[in-house]
Amino acid sequence: MTDEPIDADTGEDVPLRSQAPADVTERIEAILLVVDEPQSLVALAAAVGSPVPAVRQAVERLVDDYDGKAGGPRRGFELREVGGGWRLYVREEHDDLVSEFVNAQAPTRLSQAALETLAVIAYKQPVTRSQVASIRAVNVDSVVRTLVARGLITELYTDPETGAINYGTTDALLVNLGINSIDELPHISPLLDDGAEGFESEALR
């Protein structure tokens, strides 16, 4: 009977790689960094080409290392056994912090109304809320506040005569669109010509 791990698909022995404890531990850690589901010791052994006993010892070394028992600092993550398998998890005390960070990196999608308002501002900037409302034929106050909060538009200046705030897009919008300049936006469809003409009329007070 061989100590070599068996490929679950072919039933054949998997050639062993270096069995030095440090090498086995590094390979296990590399696999654990990319898996989405807990991995059994047998699955890890097959993945890294090492016998199960060596993999079990490597996992134990990683657990101690992350918990700060090996002389180093305690990490913000841990190697946890769940449902008969092993996987890296954020430590419970950092759950709220990580959730806030992830949510900030992946904000909810903009509504159709917000997208339409953003398009008008992008093409017509500098532009006031009343001018945007004239083109869209709806009140846009709340939508404009949302776009400002998202950092996609900003207040450029206040008209000295009317006191109206003029808005324009930010660099954050360019980054999201993957362009270097607002000039790279595609030409407005002819279907929007009527709206463009209405924009040239006197702004709503």
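So, Thr25: at 13% relative accessibility this residue counts as buried, where buried means under 20% relative accessible area, exposed over 50%, and partly exposed in between, with a 1.4 Å probe and protein chains only. Quick caveat: this is a predicted model, so local features need pLDDT of at least 70, side-chain atom pairs count only at pLDDT 80 or more, and totals for chains, interfaces and linings use all residues. Residues are numbered from 1 along each chain as its sequence is written, and side-chain values use heavy atoms, with hydrogens and water left out.

Thr25 sits in helix H1, residues 21-32; helices (H or I, at least four residues) and strands (E, at least two) are DSSP runs numbered from the N terminus. Leaving aside residues up to four places away in sequence, Thr25 touches Ala58, Arg61 and Leu62, contact being heavy atoms within 4.5 Å.

Now Phe101, over in helix H4. Buried or exposed? Exposed, with a relative accessible area of 52%.

On to the sheet. It's open, with three strands in the order E3-E5-E4 and antiparallel pairing; two strands pair if DSSP finds at least two bridges between them. Strand E3 (127-128) and strand E4 (153-158) are the edges, each pairing on one side only. E4 and strand E5, residues 165-169, pair in the antiparallel sense over five bridges, and Glu155 stands opposite Tyr167 in E5.

Last one: helix H5, residues 112-124, lies across E3, E4 and E5, running at about 95° to E5. For that angle, axes are lines fitted to C-alpha atoms, for helices over the stretch in contact, and angles run from 0 to 180 degrees between N-to-C directions.
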